[in-house]
Amino acid sequence: MIDLQLPDKTHDEARQGEALILDTPVKADARKLYIESYGCAMNFADSEIVASILSETGFETTGDYHQADVIFINTCSIRENAETRVRNRLSQFGVEKRRNPKLIVGVLGCMAERLKSKFLEEERLVDVVVGPDAYRDLPNLIEQVESGHKAVNVLLSREETYADISPVRLNSNGITAFISITRGCNNMCSFCVVPFTRGRERSRDAHSIVEEAKALFEGGYREVTLLGQNVDSYTWTSEDGTETVNFAQLLELTALVSPELRVRFSTSHPKDITDEVLYTIAKYDNICNYIHLPVQSGNTRVLELMNRTYTREWYINRIDAIRNIIPGCAISTDIIAGFCTETEEEHEETLSMMDYVQYDFAYNFTYSERPGTLAARKLEDDIPEEVKKRRLAEILAKQQAHSLMRLQEWVGKTVRVLIEGTSKKSDKDYCGRGDSGAMAIFPAIEGVKPGQYANVFIEKCTSATLIGRIV
């Protein structure tokens, strides 16, 4: 898969298995918490909520699991390789547990909800299993384990949004942050386990979201990403029924926090993204001209099998609306190669959709059957692996060409970049993103530092990175 360095990438491979560490004064008597996260941005945001809850009971984070009193793995069930990684990691933690019998090992998140009996009863790898809606119960569950019992809470909630919890920002650059605006999902895509592992969709109190954005800005952050499985279906109504806020209105409220606070969001669903949202993006300079709009397939029959609830024609209509209302808006997507019964002609329609849109970025995968999904129950995974891989290779080659073409359009132009830090390859260079989400690399100069905006003249590019200098 091409690494195109997008901030809200479905699975940021560079962060998989990242240990989250809170920079706080060390207390000699504090219990140590080690949290390792896998999967999507929602899981990494949830780990920050967990750290916040447990910090109230005296825990400090550590980056060395050998020093930990409690080890948690925050898990994902979207892709098979994530489950394989977690199982391998649990085996390693088991070695540490044999050395330190008092060590508590727990599994959090989506895989916890789906595989609770395996972890607790069959494999006996863990002490605590906690689903994504039960993190408030963690202090109680840890006490249960300390008293000699296994502990599990995977109940899904129709109300829990953690709106009143201010997430601890772990391993943050202090410049960009995620804000969760919804939990769960009502879209029953046939290939996806999220509705079963995260429950039904519920929207967080709009005022708590805006207050979190204000607090982040006042704390020096300069970019927030509003996060949800389907942000466009966000709808919050006050308890007394006198106030309703939709996603377009929430975007506006967040943008009004400050013109210096850049606003992103992920992920949009083609069936729900409205012209009102597009006009709101066009209205405010600090709402990034970038939309992640997963297509999954370019063929209507396959989309119907996926239960995506839109057609090829509908998706093209939404692309045309984006191009008309927000000229120059960057668009990225997700594509699944080799879904059940996909023919060569239908695969060609996906390629032709790519030619029509010419995506800036794309995250492309071969279809992997996930247990418990509608597709696993009712459809046969009948495309041979070698065919899936060949189709994926064709998709990747086309996307690499489109990505290079899109970045070449910036060469010779000046881009306003939010400096995020130093480049991974050289501490003499800064890195940061322009409005479109593309990463730019440029020499550091005196008087300009991370957290500031800089006008960068783009001199050249690779298929993934803009290269230039501050002007």
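The sulfur of cysteine 288 lies 9.7 Å from the closest cysteine sulfur, in cysteine 329, which is too far for a bond. A disulfide here is a pair of cysteine sulfur atoms within 2.5 Å. By this rule the count comes to 0 disulfides. This is a predicted model: local features need pLDDT of at least 70, side-chain atom pairs count only at pLDDT 80 or more, and totals for chains, interfaces and linings use all residues. Residues are numbered from 1 along each chain as its sequence is written, and side-chain values use heavy atoms, with hydrogens and water left out.

**Overall picture**

- The protein has 14 helices and 22 strands. These are DSSP runs numbered from the N terminus: helices are H or I with at least four residues, strands are E with at least two.
- Of the 471 residues in the protein, 57% are buried. Buried means under 20% relative accessible area, exposed means over 50%, and partly exposed is in between (1.4 Å probe, protein chains only).
- The accessible surface comes to about 19,600 Å². Carbon and sulfur atoms hold 49% of that surface. The areas come from the Shrake-Rupley method with a 1.4 Å probe; for residues, only the protein chains shown count as cover.
- Among contacts between residues at least 6 apart in sequence, 73% join residues at least 24 apart. Contact means heavy atoms within 4.5 Å.

- Cysteine 288 is buried, at 2% relative accessibility.
- Cysteine 189 is in no disulfide. The nearest cysteine sulfur, that of cysteine 192, is 6.1 Å away.
- Cysteine 189 is also buried, with a relative accessible area of 9%.

**Annotated binding site**

- An unreviewed UniProt entry places the feature "binding site" at Cys40, Cys76 and Cys110. UniProt positions are given in the numbering used here, feature names are shortened, and annotations may be inferred rather than shown by experiment.
- The three positions are spread over 71 residues of sequence, yet they cluster in space. Their largest C-alpha distance is 10.7 Å.
- Cysteine 40 sits in the loop between β2 (31-37) and α1 (41-55). Cysteine 40 is buried, with a relative accessible area of 17%.
- Cysteine 76 sits in the loop between β4 (70-75) and α2 (80-99). Cysteine 76 counts as buried at 3% relative accessibility.

**Helix α7**

- Helix α7 covers residues 206-218, which is 13 residues. At 1.5 Å a residue it should span 18 Å, and its end C-alpha atoms are 19 Å apart, which agrees. The expected span is 1.5 Å times one less than the number of residues.
- Aspartate 205 caps the N-terminal end of α7. One of its side-chain oxygens lies 2.7 Å from the backbone nitrogen of histidine 207.
- Glycine 220 follows α7 and has a positive phi, near 105 degrees.
- Buried residues of α7 include Ala206, Ile209, Val210, Leu216 and Phe217. Ser208 and Glu212 are also among them.
- The buried residues of α7 pack against β8 (176-180), β11 (223-227), β12 (235-237), β13 (244-246) and α8 (247-255).

**Isoleucine 322**

- Isoleucine 322 lies in helix α11 (residues 312-325). Isoleucine 322 is buried, with a relative accessible area of 0%.
- Leaving aside neighbours within four places in sequence, isoleucine 322 is in contact with Leu278, Ile291, Leu293, Pro327, Cys329 and Ile331.
- Isoleucine 322 and tyrosine 290 are 32 residues apart along the chain. Their C-alpha atoms are separated by 9.8 Å.

Conventions: Polar contact = N/O pair within 3.5 Å; in protein donor to acceptor, adjacent residues only side chain to side chain.
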